[in-house]
Amino acid sequence: MNKKKGINNMVKEKSGAITMEDLAVLIPKPPSGICILPSKGKFYAEDVCPEGKVELIPMSGRTEKLIAGIRGNNVDEVIDTVLRRCLITKLDPDDMLITDRLFALMVLRSNSYGEDYNFDITCPHCEVKGKYTVLIPSEFPIDYAKDDAKEPFEVTLPVTGLRLTYRLLRGKDSKAIKNYAEEETERMGTKDGDPSFTYRLATSILNVNGKAFDNILTALSFCEKLPAKDIRYFSSHLEDSTPGILLTVKKECTSCGKKIETDMPITAEFFRPKFTK
């Protein structure tokens, strides 16, 4: 007997109407999957996710309803709730490295809807918009944490000779950076550049020559006063120390044939893909 037909007949035989008890038969519990975070779990308590292994269950209709309510100002909160519902491993998204959080979201999206992710890119050469598909996360390289990676990290700046110790950024830092950038942009406009750049660096610094800052404003001022070579050097060190998935899309333009290289866009299709008949 066809399995699906057998289940339907069983439900009908019981009462003629589907009950809450029937749902466990109609919709079995989804299988969970294991993925290894780019950090390999090195920046969390040892018993949280040994070797970086986390367990995820696919999204459900309840989660889809949550995603349908995404607005411009609540994206981070919705993503946090989605991850909390789907992460069986007890790892708070607020405490996850920003890059681990992103990778877990990529895996979750793939497990829930499939690897195909479609989006439009406008070619920078011929300015023709084309449709492209990538496979997430398998199409993108992952920069895993080095075996000896350990916080805090240390770097000596080439111009001033100052010794900085720093940490990697977490989910809660991402929200603070976003809030600060929005407030500063509203206050100053875009004439002063990207406020999130220095705030991100200032947030990661633990101390300078062994001394901590008295507050974040002092750390911000410190970053803005550093010579350009020092700030670029530190920024590069922070990037190199941060494990993660490298979301660079490399495609050939469907119109002119030239190579396109750009960051992968996150569109509505990522969270709510369209399926053709």
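In the predicted model, strand 3 (residues 116-122) and strand 4 run antiparallel and are joined by seven bridges. The two strands form a hairpin with six residues between them. Within the turn, Glu127 has a positive phi of about 65°. Two of the pairings can be given by residue: Tyr117 has Val134 as its bridge partner in strand 4, and Asp120 has Lys131.

In strand 3, Tyr117, Phe119 and Ile121 make up the covered face, while Asp116, Asn118, Asp120 and Thr122 lie on the uncovered one. In strand 4 (residues 129-135), the covered face consists of Gly130, Tyr132 and Val134, and the uncovered face of Lys129, Lys131, Thr133 and Leu135.

Because Asp120 lies in strand 3 and Lys131 in strand 4, the pair ties together parts that are eleven residues apart in sequence. Asp120 is partly exposed, at 37% relative accessibility, and Lys131 is exposed, at 67%.

Across the whole structure, 18 salt bridges are found. One network, built from salt bridges that share partners, takes in Asp76, Asp80, Arg84, Asp92, Asp94, Arg101, Lys175 and Lys178. Elsewhere, the side chains of Lys53 and Glu51 meet in a salt bridge with an N to O distance of 3.5 Å. Lys53 is partly exposed, with a relative accessible area of 41%, whereas Glu51 is exposed, at 57%. A salt bridge also links Glu154 to Arg163, where the closest N and O atoms are 4.0 Å apart. Arg163 has a relative accessible area of 33% and is partly exposed.

Ser110 is located in helix 5 (residues 98-113). This residue counts as buried because its relative accessibility is 12%, under the 20% cut-off. A polar atom of the Ser110 side chain lies 3.1 Å from the backbone oxygen of Ile136. Apart from neighbours within four places in sequence, Ser110 is in contact with Glu115, Ile136 and Pro137.

Helix 7 (residues 195-204) is largely enclosed by the rest of the structure, because eight of its ten residues are buried. The buried residues are Pro195, Ser196, Thr198, Tyr199, Leu201, Ala202, Thr203 and Ser204. Their cover includes strand 7 (163-166) and strand 8 (205-208), together with helix 6 (171-188), helix 8 (216-225) and helix 9 (228-241).

A nonpolar patch on the surface is formed by Ile18, Met20, Leu23 and Ile27, which together have about 450 Å² of accessible area. Of these residues, Leu23 lies in helix 2 (residues 20-26) and is partly exposed, with a relative accessible area of 35%.

For the chain as a whole, the secondary structure comprises ten helices and eleven strands. The C-alpha trace spans about 80 × 50 × 40 Å along its principal axes. Of the 277 residues, 37% are buried. The accessible surface amounts to about 16,600 Å², and 52% of this belongs to carbon and sulfur atoms. Among contacts between residues at least 6 apart in sequence, 63% join residues at least 24 apart.

Terms used: Residues numbered from 1 in each chain as written. Predicted model: local features only at pLDDT ≥ 70, side-chain atom pairs only at ≥ 80, totals over all residues. Heavy atoms only, no water. Helix = DSSP H or I, 4+ residues; strand = E, 2+ residues; numbered from the N terminus. Buried < 20%, exposed > 50% of the residue type's maximum accessible area, 1.4 Å probe, protein only. Polar contact = N/O pair within 3.5 Å; in protein donor to acceptor, adjacent residues only side chain to side chain. Contact = heavy atoms within 4.5 Å. Patch = residues over 30% accessible without salt bridge, like charges linked within 9 Å, V, L, I, M, F, W, Y side chains within 5 Å. Areas by Shrake-Rupley, 256 points an atom, 1.4 Å probe, with all protein chains shown as cover. Pairing = 2+ DSSP bridges.
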